[in-house]
Amino acid sequence: METLQLSRIFCCKSSLNLTETPLNSSVLRQLGIPSFSSQRSAKIPSLVIRTTTTRIRRSITRARAGGSPQDGSSTVEDDMQGLLLGSERDDSGSVVGFQLIPQSVMRRDYLVKYFAQIYESDNKVIGSHEKATSSKKEVTDDVERIDKKPTKVTYNIVFVTAEAAPYSKTGGLGDVCGSLPIALAARGHRVMVVSPRYLHDGLLDKKYAGATDVGCRTKIYCSGGVQEVSFFHEYRAGVDWVFVDHPSYHRPGNPYGDIFGAFGDNQFRFTLLCHAACEAPLVLPLGGFTYGEKCLFLANDWHASLVPVLLAAKYRPYGVYKDARSIVVIHNLAHQGVEPAITYSNLGVPPEWYGALEWVFPTWARTHALDTGEAVNVLKGAIVTADRILTVSQGYSREITTPEGGYGLHELLTSRKIVINGITNGIDINEWDPSSDQHIPSHYSINDLSGKVECKIALQKELGLPIKPDCPLIGFIGRLDYQKGIDIILSATPELLQDDVQFVMLGSGEKQYEEWMRATESSFKDKYRGWVGFNVPISHRITAGCDILLMPSRFEPCGLNQLYAMRYGTVPVVHGTGGLRDTVETFDPYANEGSGEGTGWAFSPLTKESMLAALRVAIGTYREHKSSWAGLIKRGMERDCTWDNAAVQYEQVFEWAFIDSPYVS
């Protein structure tokens, strides 16, 4: 049968044109060699496939020149010279070794049996010749997949950041730099996070208990003198967490200030961080090996923005970091690290690079008639010198190039628009999981939402509101300031609370808004509660217990609360800006043949009337269209908000960063 099958190849010249059609699909199939799936291809040495098909091609060519089927058959045997590599397998089909097959053994019948054994190990039966011929395209695709399997590129990545959860956190920056490095490390990259070692002489210092002194001291020349810093290291979750230690990081308060306001020496503190971060890959033998010069630096916000400038001005002129690349990640363009021009000499950057950081305030922004407006802008220096620019959502990457969202840097950012990308942040799905959240009274999932109703009742009881499971419960979590649209909420609340709804707010910020929350609670005792301050367990319980989450932010680079809300089955009503517009799709009940689409409502413009209109549509849908509301909940909970999804997009930007030479060399 095998001889007959081989003979059929040589006789049917009209159906097999080797000069026009790739041989490796039809010839292997007609020899009785079955299809290779993507999983099985790993078990078949590509050397055997290529060598076999090449030699069969030679034999068929000779047969077409006039040889008989028998001549062609003998040619296959005579042309297999030398040794071929074959695999030895155990009873389960696993490869346990390899063997060299001499020409006296590697005959046509061995070739067929060899591939048959591979497929028998996978409990697959070789189909008939007719069935094999019908799936000729599948063979071609599978063989090409074997030959063209891509090689994954990994990088030495250095995150430079002012905060990284769980060690230090004041907002979204800490979440990103505490989670994204772990996701990238899980994908095979070597990742280091460099952050200050904040000590407050309190319980928070225990978070650094796992970090040990590396024993490396580095001298940094800045601020007209020499500063010595040391490094502490902890290896956790596949990531090297490196903490820069210096007395300026040992003080009460948060990373940026205390109850009296921002620290006056923040420029000095974060200049030390940037210099130390550039030295760390060169001098720290983490795991026995340094990261070396070929690194990819991710400078997060203005605190780390001096890193791309130092690479270009301090290191590359002397042949160091010539193969490194830098990416500046903008989490909030409103904060740029602007200081008086006279402070440039404190940065430890050569004088000729002043132009990269030079900043002149417009006339209307100057303090008096003699004010020249000259300053240094650290974030501007990073935008000028970094290889690529990232924001934390696609919408925000567009907004920063506009006069409204660019905060004076829109023209510069527009000039570099070709290297700007936006990637939406992920969330920690282990911390924010309604099926296992330790902060909520009842667990639930997309398949069983009964626990969400129990969370709502428990929240109403905890806050002293009337227990009304069918009453729409609206929530707000965030800072009480102008950016978050608190003034819009303030003006709309009296009108909103005329309806049969309940409203809960959690946050702290400007004193006037904190006082307003207390006054509103006393005026609407049965409908409104305001929690002044921030409390993590309460934020989880509000997210789980509310039906609607309100976010009327004026601008929002990404936003995380709307992602938490959707994961917990709480429908977001947001202002259509930045990351809010990217992540919340406005509900359309007529889409998908009436089944609907969307995960919430995004309103625009930002006015009291627009916000109230969106809220009333949401409230009406909740009360009158239960099936549509259930669809909103389901689509929100199904949304992929993982950091793994974001990490894949970051890898693409990493690849682009290394395609070209350093932007500034």
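## An enclosed helix

Helix α10 (residues 306-315) is largely enclosed by the rest of the structure, since nine of its ten residues are buried (under 20% relative accessible area, with exposed meaning over 50% and partly exposed in between, using a 1.4 Å probe and protein chains only). Those buried residues are Leu306, Val307, Pro308, Val309, Leu310, Leu311, Ala312, Ala313 and Tyr315. The cover over them includes the strands β3 (156-160), β10 (296-300) and β11 (325-330), along with the helices α9 (266-283), α11 (354-357) and α12 (378-385). Helices here are DSSP runs of H or I with at least four residues, strands are E runs of at least two, and both are numbered from the N terminus.

## What kind of model this is

This is a predicted model, in which local features need pLDDT of at least 70 and side-chain atom pairs count only at pLDDT 80 or more, while totals for chains, interfaces and linings use all residues. Residues are numbered from 1 along each chain as its sequence is written, and side-chain values use heavy atoms, with hydrogens and water left out.

The protein chain has 23 helices and 22 strands. Of its 665 residues, 54% are buried. Take the contacts (heavy atoms within 4.5 Å) with a separation of 6 or more: residues 24 or more positions apart account for 70% of them.

## Two helix pairs

Now for some helix packing. Helix α8 (residues 172-186) packs on helix α23 (residues 643-659) at an angle of about 75 degrees, with the axes 9 Å apart. That makes the two roughly perpendicular (65 to 115 degrees; under 35 is roughly parallel, over 145 roughly antiparallel and the rest oblique). The axes are lines fitted to C-alpha atoms, for helices over the stretch in contact, and the angles run from 0 to 180 degrees between N-to-C directions. From α8, Asp175, Val176, Ser179, Leu180, Ala183 and Leu184 meet Trp643, Asp644, Ala647, Tyr650, Glu651 and Phe654 of α23. By class, that contact has eight nonpolar, one polar and three charged residues (Ala, Val, Leu, Ile, Met, Phe, Trp, Tyr, Cys and Pro are nonpolar, Asp, Glu, Lys and Arg charged, and the others, Gly among them, polar).

Then there's α16 (residues 486-496) with α17 (residues 511-523): the axes come within 11 Å and cross at roughly 25 degrees, so this pair is roughly parallel. On the α16 side, Ile486, Asp487, Ile489, Leu490 and Thr493 meet Tyr513, Trp516 and Thr520 of α17. Sorted by class, the contact has five nonpolar, two polar and one charged residues.

## Two residues up close

Ile400 sits in the loop between α13 (394-399) and α14 (410-415) and, at 0% relative accessibility, is buried. Leaving out residues up to four places away in sequence, Ile400 touches Ile330, Leu333, Thr391, Gly405, Gly406, His410, Leu413 and Ile420.

Trp531, in strand β19 (residues 528-532), is partly exposed at 34% relative accessibility. Beyond its neighbours within four places in sequence, Trp531 contacts Leu463, Met505, Leu506, Gly507, Met517 and Ile538.

## Cysteines

The structure holds zero disulfides (pairs of cysteine sulfur atoms within 2.5 Å). For Cys641, the nearest cysteine sulfur belongs to Cys558, 9.5 Å away. Cys641 is buried, with a relative accessible area of 7%, and Cys471 is buried too, at 3%.
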